[in-house]
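Okay, thanks for coming, everyone. Let me put the structure up and then walk you through a few parts of it.

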Amino acid sequence: MIKTIVTQETSLPDRHVTLSNVLIRAAQGLTLAEKRIMSACIAQLDSKRMPDLYKPLTVKLYALDFAETFGIHPDTAYDELQSAAKVLRDRLIRYENPGAPKNRRVVEMRWVGRVTYAKGEGWLELAFWHEVVPHLVMLREKFTSYRLSQAAGLRSLYSWRMLELMMQFKSTGLVRMSIEDFWDSVEAPASCRKDFFNLRNRVIEPAVKELASKDGLLIEWKPVKAGRKVTGLEFRFSPNPQGALAL
């Protein structure tokens, strides 16, 4: 038998996406469509329940639920699920283990070990890679959780990744991080890593604008500099009292 651990909630958008903070800050290697699929599957897990370590952890996602959650046409949902089935098994998570610079190790692991797509039936099933399971379930500390509906309306992967970073610090409303960590967390393209003007105009400002309009977040940010060089970023954020979504 295959083990599936799901929450008891009935509405997919109201379920919570819960990830370890390691995954929040890691390069996740997903497109926006793939991020939607992965998050919709993660939202169906019970993050506090112990999985059966001898059986694969699987989740099934239906195209109609996917379409309704993200406000897309059912035909688009079918196409995205079918396309994702071909590539998700090869997507990699990448992060560095903490420690002294000379002792740091780069870790790469898969999201899933198996993907099944039922042609003509409109569903996709993921079997999570065994090494990613501890980052998704039985989480007691150092994790981040947010409602799927908070991200469902976003049309930019950068906005989604910044939302996750902010939800990691929602109790303080303050995010401070090095510029290198920010690049990796949002998976900024090479052109934005070389030129802060591009980073600001292609990644930060559009994401701040989208999060303000769709998630009701009031965000103020500034670069942290050493001389003329930008070495880090600081974000201060809070819910807009007139915003539609609660954090």
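So, start with R49, which sits in the loop between α2 and β2. Helices here are DSSP runs of H or I with at least four residues, strands are runs of E with at least two, and both are numbered from the N terminus. R49 is partly exposed, because its relative accessible area is 38%; buried means under 20%, exposed over 50%, and partly exposed is in between, with a 1.4 Å probe and protein chains only. R49 and M138 are 89 residues apart in sequence, yet 5.5 Å apart in space, C-alpha to C-alpha.

Before I go on, a word on what we're looking at. This is a predicted model, where local features need pLDDT of at least 70, side-chain atom pairs count only at pLDDT 80 or more, and totals for chains, interfaces and linings use all residues. Residues are numbered from 1 along each chain as its sequence is written, and side-chain values use heavy atoms, with hydrogens and water left out.

How confident is the predictor? The protein chain averages a pLDDT of 90, and 91% of the residues score at least 70; pLDDT is the predictor's confidence in each residue, from 0 to 100. Over residues 1-8, though, pLDDT stays under 50. Where pLDDT is low, the predicted coordinates should not be read in detail.

Let's zoom in on V115, in strand β5. Buried or exposed? V115 is buried, since its relative accessible area is 17%. Leaving aside neighbours within four places in sequence, V115 is in contact with A85, L88, R89, L124, E125 and L126, contact meaning heavy atoms within 4.5 Å.

Over to another open sheet of 3 strands, ordered β8-β10-β9 and also antiparallel. Here β8 (174-178) and β9 (217-226) have a single partner strand each, so one side of each is left without a neighbour in the sheet. β9 and β10 (residues 229-239) are joined by 10 bridges, and W221 faces F235 in β10. Helix α9 (residues 196-215) packs on the sheet, touching β9 and β10, with its direction at about 160° to β9.

Last stop, a helix pair. The axes of α6 (residues 157-168) and α7 (residues 179-186) come within 9 Å and cross at roughly 120°. That makes α6 oblique to α7: under 35 degrees counts as roughly parallel, over 145 as roughly antiparallel, 65 to 115 as roughly perpendicular, and the rest as oblique. On the α6 side the contact uses Y158, R161, M162 and L165, and on the α7 side F182, S185 and V186.

Notes. Axes are lines fitted to C-alpha atoms, for helices over the stretch in contact, and angles run from 0 to 180 degrees between N-to-C directions. Two strands pair if DSSP finds at least two bridges between them.
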